[in-house]
Amino acid sequence: LLTHLKNPSSSEEIVRTCRAIGAISGSIPNKDDEQQFLVEVMTPLGGYLNNEEAAKTDPQSHAIIYGSFLYILALYPRFLSLNWPHMKLLLEKILECYRTPCQPLQTMAVTTTKNLALRVSNQLNAKHTDQPQSFLFTLLQNAEAIASVLPEATVPILYEAMAIMIK
């Protein structure tokens with residue numbers, strides 16, 4: 001899987017590989033092995049996401065890779081709860097996705113937010129030392145502005161995710 005991710009022939013290959021990585025979530029019993037595997041997965045994906053030139057020349061493929069990134073991380077809550085830097089990166093990317101003009105990516109970001117709320121809400125509610133406020137507080141503070149740019153069908157899902165975090 002890592003070979004396909006590190007040397008892909010197309011964005012479709014990245015998506016297939018990410019689906020396979022998502023499909024095996026929960027099957028790595030040793031948390032250290034899972035962490036090592038996911039760090040190796042996130043390294044090339046992070047490189048693709050931060051490639052601004054690729055984002056400009058092929059925004060469709062960039063959005064697909066973004067969605068794959070969100071998909072994978074949302075399926076590994078144990079990894080996220082043990083790795084604040086990766087959780088923080090994911091939350092930053094979710095906030096970016098809310099503002100993107102790509103509706104499928106916005107939908108994926110909202111769905112990922114709800115999945116995280118269900119699995120690791122304590123991380124979303126906590127104010128970490130390198131944050132001015134918790135992710136939940138950021139969402140609540142900016143809820144109206146975020147909702148105004150999201151597809152209408154996703155707004156109730158976002159509010160449901162916030163309600164789950166508050167519980």
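This report describes the fold, the surface and the charge pairs of one predicted protein model.

## Basis of the model

Because the model is predicted, local features need pLDDT of at least 70 and side-chain atom pairs count only at pLDDT 80 or more, while totals for chains, interfaces and linings use all residues. Residues are numbered from 1 along each chain as its sequence is written, and side-chain values use heavy atoms, with hydrogens and water left out.

## Fold and overall shape

The protein chain contains eleven helices and zero strands, where helices (H or I, at least four residues) and strands (E, at least two) are DSSP runs numbered from the N terminus. The C-alpha trace spans about 40 × 40 × 25 Å along its principal axes.

Of the contacts with a separation of 6 or more, 66% are between residues 24 or more positions apart, a contact being heavy atoms within 4.5 Å.

## Burial and surface

Of the 167 residues, 47% count as buried, where buried means under 20% relative accessible area, exposed over 50%, and partly exposed in between (1.4 Å probe, protein chains only). The chain exposes about 8,600 Å², of which carbon and sulfur atoms supply 55%; these areas come from the Shrake-Rupley method with a 1.4 Å probe.

## Salt bridges

Side chains of opposite charge can pair when their charged atoms come close. Four salt bridges are counted in the model, each defined as a side-chain nitrogen of Lys or Arg within 4 Å of a carboxyl oxygen of Asp or Glu.

One of them joins Glu34 and Arg78, with an N to O distance of 3.1 Å. This pair links distant parts of the chain, since Glu34 is in helix α3 (residues 31–49) and Arg78 is in helix α6 (residues 77–82), 44 residues apart. Glu34 counts as buried at 4% relative accessibility, whereas Arg78 is partly exposed at 32%.

Another salt bridge is formed by Asp130 and Lys88, whose closest N and O atoms are 3.2 Å apart. Asp130 lies in the loop between α8 (103–125) and α9 (135–141) and Lys88 in helix α7 (residues 84–99), so this pair ties together parts that are 42 residues apart in sequence. Asp130 is partly exposed, with a relative accessible area of 38%, and Lys88 also counts as partly exposed, at 24%.
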